[in-house]
Amino acid sequence: MCSWRLFLWLVLTLSLFLGKKMQCQEMNDYDQLDNPAVLPLITQLVYTKISNLTSLISHQISTDSNFCVKDPDADWNQAFNFSSDLGFLASCIKKTKGDIANRLCTAAEVKFYLNSLMEKSTSANYLKPNKNCNLTSWVPGCEPGWACSVRSGQKIDIKDSKEMPARTSNCQACCEGFFCPHGITCMIPCPLGSYCPLATLNKTTGVCEPYLYQLPPMQPNHTCGGANVWADFSSSSETFCSAGSYCPTTTKEIPCSSGHYCRIGSTSEKRCFKLSSCNSNTATQNMHAYGVMLIAALSTLLLIIYNCSDQVLTTRERRVAKSREAAARSARKTANAHQRWKFAKDAAKKGASGLQAQLSRKFSRKKDEENLEKVKILNQETSETDVELSPHSRSVTSNMAASSSAVPMEKGKSPSGLMQMIHEIENDPSVNNSPATELETRYKNAAKEKQPHTNTQIFTYAYAQLEKEKAQQQENKNLTFSGVLKMATDTEKKSKRPFIEISFKDLTLTLKAQNKHILRNVTGKIKPGRITAVMGPSGAGKTTFLSALAGKAFGCLVTGSILINGRNESIHSFKKIIGFVPQDDVVHGNLTVEENLWFSAQCRLSADLSKPEKVLVVERVIQFLGLQSVRNSLVGTVEKRGISGGQRKRVNVGLEMVMEPSLLMLDEPTSGLDSASSQLLLRALRREALEGVNICMVVHQPSYALFKMFDDLILLGKGGLMVYHGSAKKVEEYFSGIGINVPERINPPDHFIDILEGIAAPGGSSGLSYEDLPVKWMLHNGYPIPLDMRQNAAQFDMPQSVNSANDIESNHLGEAGKTFAGELWHDVRNNVELRGEKIRLNFLKSKDLSNRKTPGVFKQYKYFLIRVGKQRLREARIQAVDYLILLLAGACLGSITKSSDQTFGAVGYTYTVIALFYAK
């Protein structure tokens with residue numbers, strides 16, 4: 001009878017929970033909940049409802065916080081999978097007498113709660129007014145830690161997300177393992193990792209511990225309930241399982257045992273790592289052993305870097321140097337063999353020519369009667385005149401006649417055999433090829449098939465070409481007229497660089513800020529293949545003139561015309577084949593001479609040029625500038641001494657020479673150099689000029705030997721006026737024509753500059769002053785005279801055509817009486833315009849007419865990274881010391897700073913930033 005009654009009760013219970021046709025309160029026998037066989041079934045059914053509810057919570061959280069929720073299913077499993085222990089549900093079922101289903105929040109209430117949490121302006125402890133908790137209706141279940149049930153007979157759909165049910169009856173404290181927020185009257189299960197026991201009243205503070213809410217006033221029967229909040233870490237840390245303990249369920253808190261550690265919110269204890277120790281009730285591991293090992297390893301690494309950082313680059317440079325030296329020795333040996341072969345061939349040819357002349361004289365005395373001798377053929381005597389010569393005999397006779405020898409055939413020896421051998425040697429390609437020619441032919445064939453790729457192959461190719469160029473230069477010194485014509489018509493030896501000729505007319509530069517002329521009416525031309533020197537006193541505008549031609553005259557108003565190869569093109573269209581050497585050094589001090597040149601060559605030479613050709617260019621520049629002995633030496637910085645000042649200046653020029661420019665401008669490249677270094681630099685520039693490069697350089701009082709190496713000369717006087725422009729060899733002739741003679745034992749350039757400076761008088765009977773020299777030059781060439789200079793020109797016999805030219809020449813040098821605000825506005829405007837010009841020059845692209853494709857941004861960035869890596873390796877000692885100091889400082893600060901889950905080591909980070917600030 002009891003078994004049937006029990007079965008009937010189970011059927012009724014299932015119908016109540018699954019069909020939702022009746023409420024638990026309608027059960028006739030509450031005592032059956034204490035039955036051990038029935039309670040697990042009911043608990044499982046309730047857990048099914050809770051799973052549906054928590055899945056709604058998980059879905060809502062993943063929707064609102066998808067930026068930090070990667071896997072919603074995995075997060076739900078970690079937070080709401082209570083299947084391992086349902087004891088808190090059985091306890092709540094007993095406490096509510098089976099009414100737990102009517103106290104769980106529906107989807108609408110959960111959505112309302114989560115939306116309130118997502119709003120920044122609303123506190124987590126206070127929710128917005130709703131259907132059950134508002135100004136007119138405030139039941140005990142609205143208080144924190146309390147919940148209510150629905151009215152009898154009211155149906156609840158837990159999945160209803162639109163309307164909140166009326167839940168205001170039978171209010172009581174929230175169950176353990178659940179939290180009941182302030183402002184709604186339902187229960188939500190606490191997630192795993194939290195600890196939600198019933199609160200106890202602290203009579204001293206009036207706070208329900210371990211939570212922070214207080215009992216409502218004027219309600220003496222109200223007691224502390226369960227948990228009231230569960231949200232983010234900062235607003236509800238009291239609901240998480242405390243550090244040093246772990247919570248397998250939301251109602252159990254177990255202290256961590258020795259040898260294990262438990263962080264805040266742990267559901268199980270974790271075993272400590274090896275070599276670390278963990279006391280009981282600890283949240284972190286004692287990992288001092290790992291810290292000591294890490295510090296020791298880092299210290300060892302820094303010490304290795306400190307002591308061995310230079311060895312990486314030194315070893316690599318030594319290996320490359322060995323390959324280079326071997327290639328140079330091989331190229332010199334081949335060149336010497338070629339020279340000896342040439343000398344031997346010339347000597348043999350000379351000896352053969354003498355022997356041939358001697359034999360010709362000897363056999364010319366033979367009597368003509370030998371031609372009438374009779375020969376016997378097949379025992380028959382016939383005259384040679386009666387015998388028809390066979391074709392073979394004709395050929396022999398003709399060969400002998402051609403060789404101009406009269407040796408009898410019967411002797412069997414040809415007197416012209418030595419000359420014939422010489423001719424065969426000269427005409428036979430297999431014999432005529434010298435070792436150098438064979439090497440050149442081999443590399444030409446290899447270039448068609450495969451480019452050299454190893455260091456030895458590349459250097460062998462480069463030095464073979466250099467030796468060939470040296471031999472060619474030696475041959476060019478003794479060229480005959482026909483040899484000059486052959487060299488001029490040889491297409492293979494013609495320069496591959498495009499020519500650039502710059503002509504300028506009435507070039508005038510005026511400072512915008514001060515309305516002051518720097519250059520005035522400068523007219524002339526600089527030609528390719530020639531070295532033009534720009535000279536003048538200080539303040540004559542020499543550097544400004546060079547900057548104007550290069551398109552770098554910022555902050556100036558430029559008038560007049562500048563033509564490129566006779567056309568009105570922008571100089572920036574040829575910037576890829578224009579080199580500019582400023583006064584100040586732009587080399588990298590912590591790179592070697594070769595590395596500086598190689599970096600410039602990689603970034604500025606044509607991208608289509610192979611690596612062997614680039615190496616050849618760099619090696620040629622190093623050889624021409626005489627930098628072989630310091631090629632592997634650091635340039636040097638202020639802190640670390642490197643090469644000498646003259647060598648540094650030559651490296652500065654070499655940076656522009658390696659890009660094979662068509663126009664090369666140099667601003668005082670010989671300043672600070674001695675006479676020998678200056679002449680070495682000029683010889684290198686002379687070789688560039690022979691390639692058709694247009695070279696223009698500012699020179700400050702050169703020596704006479706240096707002055708004779710210039711092709712053209714531009715003399716500028718004070719105010720940026722031209723005094724002379726023409727051949728450097730004819731400058732003395734011009735000045736002598738106007739009555740200015742150079743005294744004996746005086747350097748002509750020094751004398752001219754002293755006159756232009758006003759230090760020395762022109763002398764003689766000219767009666768000129770330095771202010772009259774620009775006018776004299778204008779009259780000499782028929783240039784128009786500016787209006788403000790015609791007063792000085794009145795003393796000369798000036799043609800009427802020149803006197804009437806350029807009548808509209810006005811120069812208002814500013815306005816007097818400007819206010820302070822006006823001057824300030826003028827300066828600000830000029831500054832803005834100056835910055836705008838620099839931005840346009842650096843970022844705006846102009847039409848490219850250079851026909852050179854340089855490496856792209858990514859390739860140049862790769863070269864930049866390689867350069868920075870070498871610089872960092874050479875500075876590794878300084879960096880190792882800095883990092884070692886920071887490491888020790890961090891170890892000391894870490895030992896006094898304790899990190900926690902709440903701060904994530906923020907204090908330690910702050911101390912580290914302070915240490916870095918003071919270390920720098």
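Reader: Which residue does Phe580 stand opposite in S18?

Author: Strands of a sheet pair through backbone hydrogen bonds, either parallel or antiparallel. Here Phe580 stands opposite Met665 in S18. This is a predicted model: local features need pLDDT of at least 70, side-chain atom pairs count only at pLDDT 80 or more, and totals for chains, interfaces and linings use all residues. Residues are numbered from 1 along each chain as its sequence is written, and side-chain values use heavy atoms, with hydrogens and water left out.

Reader: How many bridges join S17 to S18?

Author: Four, and S17 and strand S18 (residues 663–667) run parallel. Two strands pair if DSSP finds at least two bridges between them. The labels are DSSP runs numbered from the N terminus: helices are H or I with at least four residues, strands are E with at least two.

Reader: Which strands form the open sheet with S17, and in what order?

Author: Six strands, in the order S17-S18-S19-S15-S20-S21, with mixed pairing. S17 and strand S21 (722–727) stand at the edges. Each has a single partner strand, so one side of each lacks a neighbour in the sheet. On average, neighbouring strands of this sheet are turned by 10° against each other, direction ignored. For such angles, axes are lines fitted to C-alpha atoms, for helices over the stretch in contact, and values run from 0 to 180 degrees between N-to-C directions.

Reader: In which sense do S15 and S20 pair?

Author: Strand S15 (residues 531–535) and strand S20 (residues 712–716) pair in the parallel sense over four bridges. The bridge partner of Val534 in S20 is Ile714. Helix H20 (residues 748–757) packs on the sheet, touching S15, S20 and S21. The direction of H20 makes about 20° with that of S20.

Reader: Which strands does H17 lie across?

Author: Helix H17 (residues 675–690) lies across S15, S18 and strand S19 (694–698). H17 runs at about 150° to S19.

Reader: Now the antiparallel sheet. Which three strands form it?

Author: The order is S14-S13-S16, and the sheet is open. Strand S14 (516–526) and strand S16 (556–564) are the edges, each with a single partner strand, so one side of each has no neighbour in the sheet. Here neighbouring strands are turned by 5° on average, direction ignored. Strand S13 (residues 502–511) pairs with S16 over eight bridges. One of the partner pairs is Phe504 with Ile562 in S16. Helix H13 (residues 542–550) packs on the sheet and touches S13, S14 and S16, where contact means heavy atoms within 4.5 Å. The direction of H13 makes about 115° with that of S13.

Reader: Helix pairs next. At what angle do H14 and H16 pack?

Author: Two packed helices are described by the angle between their axes and the distance between the axes. Helix H14 (residues 593–604) and helix H16 (residues 645–657) pack at about 25°, with axes 8 Å apart. That makes H14 roughly parallel to H16. Angles under 35 degrees count as roughly parallel, over 145 as roughly antiparallel, 65 to 115 as roughly perpendicular and the rest as oblique. The contact includes Val593 and Leu597 of H14 and Val651 and Leu655 of H16.

Reader: How do H14 and H25 pack?

Author: At about 165°, with axes 9 Å apart. That makes H14 roughly antiparallel to H25. Among the residues in contact are Glu595 and Phe599 of H14 and Phe864 and Lys870 of H25.

Reader: Is Lys870 buried or exposed?

Author: Lys870 sits in helix H25 (residues 857–874). Lys870 is buried, with a relative accessible area of 18%. Not counting residues up to four places away in sequence, Lys870 touches Leu313, Arg316, Leu591 and Glu595.

Reader: Last one. Where does Gly193 lie?

Author: In the loop between strand S4 (188–189) and strand S5 (200–202). Gly193 is buried, at 3% relative accessible area. Leaving aside neighbours within four places in sequence, Gly193 is in contact with Phe240, Cys241, Gly265 and Thr267.

Terms used:
Buried means under 20% relative accessible area, exposed over 50%, partly exposed in between (1.4 Å probe, protein chains only).
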